[in-house]
Amino acid sequence: MFIIDAHLDLSMNAMEWNRDLRNDVATLRHLEKGMTDKPDRERATVSFPDLRKGNIGIVVATQIARFVKPDSLIPGWNSPEQAWAQTQGQLVWYKAMEEAGEITPITDKKSLLKQIDLWNDGTPNDKKPIGYILSLEGADSIIDISYLQKAHQYGLRAIGPAHYGPGRYANGTDATGKMQQNGLDLLKEMERLNIILDATHLCDDAFWQALDHYNGPVWASHNNCRSLVDHNRQYSDEMIKALISRGAVIGGALDAWMLVPNWERGVSTPQGTNCNLETVFRHMDHICQLAGNANHIGVGSDLDGAFGTEQSPYDLNTIADLQKLVLIFKNHGYSDEDLNKIFHQNWINFLLKNWD
């Protein structure tokens, strides 16, 4: 099955984890033997070879750099200008990987259709470039609204205004409060440029405000269900229904704490909480039941989002194992047409509808 993954922090892994993603996952783990600076050392799940092995031909790839005040407990950069510079370093890495033939940018309908044709031409995919759609996770690095035009020109096509905690333009996970005028101005400029609003990570106040003020395309790259795991990072049924009414697609995330209740970081294990790919299915299926169809879900794994196999479903070794989800959906009675929608066509239809 051809798969699109709507959320991968590739540049963060390359730049901050110092992983050369041209190596396969087994090699990345070997190179990290004995390293303890990050909790997921020796537990990587994502690489270019493993994406190809999993027939994942298109990803939504992020830039990410948070601004924080000096006394913040959340890590980040002490000025928007530093955060911007970090995202530009990430951009340079993406461009270097383009030149190396590993990835190719997708910025419009033409480049999207070209990539789909390439990956479905019947030839082996092990040497083909992986298509990437550039997204910004948290808008803190946008120094002022004029920088949105610059970002759009270099290929940025989606923005999640918030990440964790309070943000410059919107408040995110574990924070509360509505957007101020600069956040509303951000949404207005995004709408003018037809930049997709990624509703992921918006706190409840900002979520509802954003839907009220933004009239452009909306998706949620990596989100699960509050009714199954009660946390503000998740979507309530009311929020899911609101996204469905806007024609959004919601990507199922594979971070264990979002999949099973009462996860304790550094204590819980996937095996001990019975967190497996079936658990991922339950969240994605719940959205389908609310929608009454399979038109509003997709994959948004976040598999390299600062965690590895220690915080992933226990029956997933690398990102290539996303293919196991196809059989799980099939075994639960989803049709072949539904499977095509869930694993790629919903994202494709969304983009074809909203792009020139």
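Before I describe any lining, a word on classes: Ala, Val, Leu, Ile, Met, Phe, Trp, Tyr, Cys and Pro count as nonpolar, Asp, Glu, Lys and Arg count as charged, and the others, Gly among them, count as polar. Please also keep in mind that what you see is a predicted model.

With those classes, the lining of the largest pocket divides into 14 nonpolar, eight polar and eleven charged residues. That lining comprises 33 residues, and the ones that lie nearest the centre of the pocket are Met12, Trp17, Arg66, Gly305 and Ala306. The space in this pocket comes to about 890 Å³.

The largest cavity holds about 60 Å³ of space, and among the residues that line it are Ile64, Ala65, Arg66, Glu137, His163 and Tyr164.

Now to helix 8, residues 204-213, whose buried residues are Ala206, Phe207, Gln209, Ala210 and Leu211. What covers these buried residues includes helix 7 (181-193), strand 6 (196-198), strand 7 (218-219) and helix 9 (237-245).

A residue in a loop comes next: Ser47, which lies between helix 2 (25-31) and helix 3 (48-53). Is Ser47 buried or exposed? Ser47 counts as buried, because its relative accessibility is 0%. Its side chain reaches the backbone oxygen of Asn23 at 3.3 Å, and also makes a polar contact with the side chain of Asp50 at 2.6 Å. Leaving aside neighbours within four places in sequence, Ser47 is in contact with Leu21, Asn23, Asp24, Val25 and Leu28.

I will finish with the salt bridges, of which the structure holds 13. The side chains of Glu102 and Arg52 meet in one of them, at 2.9 Å from N to O. Glu102 lies in the loop between helix 4 (80-99) and strand 3 (103-105) while Arg52 lies in helix 3, so the pair ties together parts that are 50 residues apart in sequence. Glu102 is buried, with a relative accessible area of 15%, and Arg52 is buried as well, at 10%.

Arg226 and Asp204 form another salt bridge, with their closest N and O atoms 2.9 Å apart. This pair links distant parts of the chain, given that Arg226 sits in the loop between strand 7 and helix 9 and Asp204 in helix 8, 22 residues apart. Arg226 counts as buried at 17% relative accessibility, whereas Asp204, at 28%, counts as partly exposed.

In the salt bridge between Glu42 and Lys33, the closest N and O atoms are 3.8 Å apart. Here Glu42 counts as partly exposed, because its relative accessibility is 32%, and Lys33 counts as exposed, because its value is 59%. Lastly, a network of salt bridges links Arg19, Glu32, Asp37, Asp40 and Arg41.

How values were computed:
Residues are numbered from 1 along each chain as its sequence is written. This is a predicted model: local features need pLDDT of at least 70, side-chain atom pairs count only at pLDDT 80 or more; totals for chains, interfaces and linings use all residues. Side-chain values use heavy atoms; hydrogens and water are left out. On a 1 Å grid over the protein atoms alone, a cavity is a set of points where a 1.4 Å probe fits but cannot get out, and a pocket is an open set with protein on both sides within 12 Å along at least five of seven lines; lining residues have an atom within 4 Å of a point. Grid points are joined across faces, edges and corners, and a volume is the space filled by probe spheres set on the points. Buried means under 20% relative accessible area, exposed over 50%, partly exposed in between (1.4 Å probe, protein chains only). Helices (H or I, at least four residues) and strands (E, at least two) are DSSP runs, numbered from the N terminus. Contact means heavy atoms within 4.5 Å. A polar contact is a pair of N or O atoms within 3.5 Å; within protein, one must be able to donate a hydrogen and the other to accept it, and residues adjacent in sequence count only if both atoms are side-chain atoms. A salt bridge is a side-chain nitrogen of Lys or Arg within 4 Å of a carboxyl oxygen of Asp or Glu.
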